[in-house]
Amino acid sequence: MKLIFKYVKFLSGYGPRSVSFNDKHDEELLAEYLTNTNLELAVHELKFLGDKDVKERAIGSEAWDVDILGNIVSIELSNTSYPDKVYIDREVVTYAMSKWKEFLEKEIKDYSYEEIIDTDDLYKK
């Protein structure tokens, strides 16, 4: 999976955004979930994602139903009437969330700054 982390202009200024690089459905849902995750929530969720003793846990928010289910994470929008759930490897979600956290922690002076995150880098240890 590849994600683009960047800043986009809103009415009140610039804000962080994650988008799918390949326009794949699972990437799109993960990207949107990250976009809706602020720094405080990212830190909180990484505690559970990174703890291998946590086998089942809800880590979503008001907008997202996200559940750790062993080695996978299910992601879907909350309160939707259509079945639109994806299952992504837990290590991939943990890696993407940790990179998102790092992105949010950076002091950005140029809002044209972008990062491309490739979760395949996770396996190049």
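**Close-up views of a predicted model**

The structure contains 5 salt bridges. It is a predicted model, and the views below show three of these pairs along with other local features.

**View 1. Arginine 17 and glutamate 32 form a salt bridge.** The closest N and O atoms of this pair are 2.9 Å apart. Arginine 17 belongs to strand S2, residues 13–20, while glutamate 32 belongs to helix H1, residues 25–35, so the pair ties together parts that are 15 residues apart in sequence. Arginine 17 is partly exposed, at 25% relative accessibility. Glutamate 32 is also partly exposed, with a relative accessible area of 27%. Side chains of opposite charge can pair when their charged atoms come close.

**View 2. Lysine 85 and glutamate 76 form a salt bridge.** Here the closest N and O atoms are 3.4 Å apart. Lysine 85 has 36% relative accessibility and counts as partly exposed. Glutamate 76 has 17% relative accessibility and counts as buried, because buried means under 20% relative accessible area.

**View 3. Lysine 106 and glutamate 115 form a salt bridge.** The closest N and O atoms of the two side chains are 2.4 Å apart. Lysine 106 is partly exposed, with a relative accessible area of 36%. Glutamate 115, in contrast, is buried, with a relative accessible area of 13%.

View 4. The side chain of serine 20 makes a polar contact of 2.6 Å with the side chain of glutamate 27. A polar atom of the serine 20 side chain also lies 3.4 Å from the backbone nitrogen of lysine 24. Apart from neighbours within four places in sequence, serine 20 is in contact with Lys2, Leu3, Glu27, Glu28 and Ala31.

**View 5. Aspartate 23 sits in the loop between S2 and H1.** The phi angle of aspartate 23 is near 55 degrees, which is a positive value in a residue other than glycine. Aspartate 23 is exposed, with a relative accessible area of 58%.

**View 6. The largest nonpolar core has 32 residues.** The members that touch the most other members are Leu30, Tyr33, Leu34, Leu49, Ile75 and Met97. At least two residues of this core come from each of strand S1 (2–10), H1, helix H2 (39–49), strand S4 (64–69), strand S5 (72–77), S6 and helix H3 (90–105). H3 gives the largest share, 8 residues. In soluble globular proteins, nonpolar side chains tend to be buried together.

**View 7. Methionine 97 is one of the core residues that touch the most other members.** Not counting residues up to four places away in sequence, methionine 97 touches Tyr33, Leu34, Thr37, Ala42, Glu45, Leu46 and Leu49. Among these, Tyr33, Leu34 and Leu49 are also listed with methionine 97 as core residues touching the most other members.

**View 8. Leu69, Ile72 and Tyr87 form a nonpolar patch on the surface.** Together the three residues have about 260 Å² of accessible area. Tyrosine 87 is found in strand S6, residues 85–89. At 48% relative accessibility, tyrosine 87 counts as partly exposed.

Definitions and conventions. Residues numbered from 1 in each chain as written. Predicted model: local features only at pLDDT ≥ 70, side-chain atom pairs only at ≥ 80, totals over all residues. Heavy atoms only, no water. Salt bridge = Lys/Arg side-chain N within 4 Å of Asp/Glu carboxyl O. Helix = DSSP H or I, 4+ residues; strand = E, 2+ residues; numbered from the N terminus. Buried < 20%, exposed > 50% of the residue type's maximum accessible area, 1.4 Å probe, protein only. Patch = residues over 30% accessible without salt bridge, like charges linked within 9 Å, V, L, I, M, F, W, Y side chains within 5 Å. Areas by Shrake-Rupley, 256 points an atom, 1.4 Å probe, with all protein chains shown as cover. Polar contact = N/O pair within 3.5 Å; in protein donor to acceptor, adjacent residues only side chain to side chain. Contact = heavy atoms within 4.5 Å. Core = buried A, V, L, I, M, F, W, Y, C linked by side-chain atoms within 4.5 Å.
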